[in-house]
Each structure stands twice: as C-alpha cells, then as structure tokens.
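Dear colleague,

I am passing this structure on to you, and my notes on its charged contacts and on one of its pockets follow below.

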Amino acid sequence: MTLHHTRSTYSTMKHSTAALLFACAPCFVSSFTNTGIIHVSSTRRQPLSMPPLKDSLAPLLLHLQEMHDHKDASVKHDDPTTSATEEASSYMPYDLLPPSDNWVANSTRRLSRIELQKAITKVKRFVESRLETDLNLFEHTAPIAFKSGTGVNDELDGSESKSPVRFKVPNQFVPRGITPKPLSELSPEEQEEAKRYAMDCEVMQSLAKWKRIMLDRLKVDVGEGIYCSSTSIRKGYKGDVTHSVIADQWDYEIRIKEEDRNVETLKSYVNKIWKIMTDAEAYILQEYPSIILEGHPTAAFRLPKDITFITAEELHAKYPSLDVHGREDAAVREYGAVFIIGMGWPMNDGSDPEEVRSPAYDDWKLNGDIIVMHPLTGYRHELSSMGIRVDSDSIVAQLKHRGMGDQVDLPYNR
C-alpha cells in the first residue's frame with residue numbers, strides 16, 4: 001500500500017509514562033510506560049511503500065508477585081540468604097531490591113490479586129479517557145510486528161543489544177497437521193515460490209515511528225492525534241526494580257504545526273501529561289485508600305503539583321561530580337519531579353549524554369524525560385519519555401553522530 005510522509009518536519013514526542021499505579025506512591029509499584037509523539041504537519045510529502053503488516057506494565061510484576069506470596073516472611077528477614085528472599089532475589093541482584101523496611105508498604109499487601117487487576121484496569125481507563133479529552137486523541141489498534149528492513153521499528157538506543165526479536169513468516173499454505181518440508185527438500189520451483197512470499201519480520205519494540213506513518217494514513221488534522229495500548233518485547237533489558245523485557249505501554253502521537261517545533265510547545269505537553277498523572281494519583285487514592293500504609297514513611301509521598309523543568313546541561317552543571325543517575329537522583333530528591341530537556345547529544349564539555357536516544361525520531365534538542373523519586377526504592381524513576389520529532393536536518397546529524405549515516409535512505413527515514 002502507498003503512504004505519503006515527510007522526513008523533514010516530523011517531530012517526536014516519545015513519551016514513556018511509567019507507573020501511574022506507582023505514581024500513587026507506595027500504592028501500586030508496578031509501572032506503565034507511555035510513549036507519545038508530537039507530530040509536525042507539513043505540505044512537503046514523498047510517497048512511501050510500506051508492507052501490509054500491520055506509563056512497561058509491571059516491570060516489578062514477577063518480583064512483586066513473589067513477594068506477595070512470601071509477604072509475611074519477607075518483612076521479617078533482611079538476610080539475603082534466607083528463603084524469604086530467595087525467589088525475589090533470583091529476579092535481580094539482592095542489593096537492587098527496595099529497602100526491606102519498605103516492602104511492607106507495597107500496595108499488593110493490602111489488595112488481593114483480583115482487586116489489584118481491577119485497580120490497574122481503573123487506572124488505565126482513567127488515563128485513556130484523559131488522553132482523549134485533554135490531548136484530543138483517539139484510540140487505534142497497535143501492531144505487534146513489522147517487516148524487517150523498513151526502519152519503522154523502534155531501534156531503542158540503536159545498539160545491537162537492544163535490537164528486536166526477529167522471526168520469519170513462511171507465508172505459504174500448509175494443510176493443518178502437516179509439517180512443511182525443509183527448504184532444501186523442495187523442488188527448485190517450490191523453493192523459488194517459498195522465497196518469494198516469505199517475510200523476515202521483527203517484534204515491535206515501540207510505535208514511535210509507526211505512529212508518524214499512521215497520522216498521514218488517517219489524514220489526522222493539526223491538534224489531533226492517536227494513542228495505542230501496546231505490548232512489546234525488549235530482549236536487551238535486564239530485569240530489575242524498574243526494567244522488564246515486557247513493555248506494556250501507551251503510545252501516542254499528535255500533529256502540530258512546523259512553527260510549533262520549539263521548547264515551549266514541548267513544555268505545554270509535558271504539563272498536560274503531568275496533570276493527568278497527578279489527577280490519576282488522586283483518583284486511585286480515593287478509590288483505594290487502604291493501599292496507603294498509615295504511619296509508614298512512604299505514606300506521605302505524593303507527586304508534586306508542578307513539575308520542574310531543567311536542561312541536561314543545567315543538570316550536569318548543578319551536580320558536576322555525579323554520574324547520570326546520581327544527578328537525576330539528586331534532582332528528584334530536591335524537586336520531587338523534573339523534566340530533563342535535551343537528551344542524546346554529549347554534554348558541552350564532551351562528557352556522556354544524559355541518555356543515549358534513538359537518532360531517528362526524537363530531536364535531541366527538543367526531547368526529555370519526566371523523572372520522579374520512587375517512594376519504595378528512594379531512587380529516580382522515569383515516568384515518561386517524550387520529544388518533538390526530528391526534521392530533515394536533525395535526523396541526518398543524529399544518524400551521522402551515531403555512525404548510522406547509511407540509514408538515511410531507509411524507507412522510513414527518507
């Protein structure tokens with residue numbers, strides 16, 4: 001099928017809203033990620049032929065369910081060699097688990113598994129309703145895989161370790177119950193037919209690029225956009241308190257005018273997302289007041305009403321002796337919640353960037369992360385990653401900086 005898209009003025013608001021259940025402090029520590037995109041409208045278009053393939057939920061899910069099973073014992077023992085922590089620590093190094101004094105504050109201790117699932121559903125419905133009303137979005141079904149070689153899949157940080165799970169679709173009829181012959185046993189004609197229709201595919205990692213294509217396909221107007229509830233596999237991640245190989249997330253994208261590709265536009269959408277988060281926190285606490293463990297130090301935690309904006313350079317200058325996560329930890333402990341602007345380029349002094357970002361969708365000068373303090377771990381926790389999409393200049397510069405200049409001519413990047 002034929003699409004039309006513009007490389008030169010698409011902007012990305014790649015948004016990763018983790019933990020709206022977590023956002024309710026010690027309540028729900030399982031987390032969501034949201035990916036959203038601000039998409040720039042343009043009249044310059046170029047045809048693109050595409051294949052017809054069409055806040056991570058529970059990075060802590062396995063860990064928390066294990067702790068739920070052993071909740072009485074895990075509260076009583078601090079020794080990592082005891083049976084109470086053996087299952088939990090098998091998911092991640094023991095020293096990365098939340099402080100044991102905080103385990104009792106985990107909301108899963110006061111909700112049954114059925115209640116927890118119902119609560120997750122309520123939060124998701126609340127957020128989706130607000131995405132529709134506050135950001136003028138409508139829901140669209142999410143794909144689960146892409147044809148390889150198109151550049152549409154999210155390459156995450158662009159490294160081989162973060163590459164997608166790949167598989168082949170034979171795309172040929174095989175009668176039910178019959179195992180197809182290996183390619184080597186087919187006749188030359190059969191081999192040619194098998195190769196002609198087979199597709200190399202890869203599991204979707206996020207919809208950051210796909211959504212841009214869909215805005216053109218759907219002829220979405222300026223100020224309007226889509227959101228999807230998607231589940232992806234990210235094999236390159238090591239499971240720990242904040243990471244999982246499964247990402248259950250919202251992805252959204254909004255079309256904006258080219259002249260609105262600026263920091264002020266980015267901030268306006270950050271504030272809208274932040275308002276949804278804080279309202280979701282208030283909503284779930286009203287629905288489930290028992291999830292707060294009264295008297296525990298974490299019970300007083302709430303997201304701040306306003307979020308603090310700071311650039312990556314300002315953060316680096318403010319905490320020059322700290323590494324990336326160290327300065328983010330310091331910032332959220334001081335401000336409660338921050339949006340760090342400008343992630344991808346190295347610091348002016350040549351030190352590492354605040355975060356390694358994909359070169360093909362965010363403009364590294366017009367992106368950022370919402371980061372808060374996780375009430376149970378006491379460390380920084382990313383709730384949202386977003387940005388304005390690259391234009392024709394920034395995509396070339398970013399690809400070349402990452403040594404990926406050969407990808408400029410991929411169908412998606414043209």
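**Salt bridges and a pocket**

R255 is buried, its relative accessible area being 3%. Please keep in mind while reading that this is a predicted model.

The partner of R255 is D216, with which R255 forms a salt bridge whose closest N and O atoms are 3.0 Å apart. This pair links distant parts of the chain, since D216 belongs to helix 7 (residues 210–217) and R255 to strand 9 (residues 246–256), 39 residues apart. D216 has a relative accessible area of 9%, and because buried means under 20%, D216 counts as buried as well.

Strand 9 also holds E253, which forms a salt bridge with R389, again with 3.0 Å between the closest N and O atoms. Here too the link is between distant parts of the chain, as R389 sits in strand 13 (residues 380–389), 136 residues apart from E253. R389 is buried at a relative accessible area of 0%, and E253, with a relative accessibility of 0%, likewise counts as buried.

A further salt bridge, at 3.0 Å from N to O, joins the side chains of E354 and R327. E354 lies in the loop between strand 11 (337–341) and strand 12 (362–373), whereas R327 lies in helix 10 (residues 324–335), so the pair ties together parts that are 27 residues apart in sequence. Of these two residues, E354 is buried with a relative accessibility of 3%, and R327 is buried with a relative accessible area of 4%.

Beyond these pairs, there is a network of salt bridges in which R130, D134, K275 and D279 are linked. How many salt bridges does a search of the whole structure find? The search finds 18, among them the bridge between D216 and R255.

I also looked at the second largest pocket, which holds about 480 Å³ of space. Its lining is made up of 21 residues, and those nearest the centre of the pocket are Q172, P180, K181, L186 and A194. Which helix gives the most to this lining? With 6 residues, helix 6 (residues 188–197) does. Sorted by class, the lining of the second largest pocket comprises 12 nonpolar residues, 4 polar residues and 5 charged residues.

With best regards

Notes: Residues are numbered from 1 along each chain as its sequence is written. This is a predicted model: local features need pLDDT of at least 70, side-chain atom pairs count only at pLDDT 80 or more; totals for chains, interfaces and linings use all residues. Side-chain values use heavy atoms; hydrogens and water are left out. A salt bridge is a side-chain nitrogen of Lys or Arg within 4 Å of a carboxyl oxygen of Asp or Glu. Helices (H or I, at least four residues) and strands (E, at least two) are DSSP runs, numbered from the N terminus. Buried means under 20% relative accessible area, exposed over 50%, partly exposed in between (1.4 Å probe, protein chains only). On a 1 Å grid over the protein atoms alone, a cavity is a set of points where a 1.4 Å probe fits but cannot get out, and a pocket is an open set with protein on both sides within 12 Å along at least five of seven lines; lining residues have an atom within 4 Å of a point. Grid points are joined across faces, edges and corners, and a volume is the space filled by probe spheres set on the points. Ala, Val, Leu, Ile, Met, Phe, Trp, Tyr, Cys and Pro count as nonpolar, Asp, Glu, Lys and Arg as charged, and the others, Gly among them, as polar.
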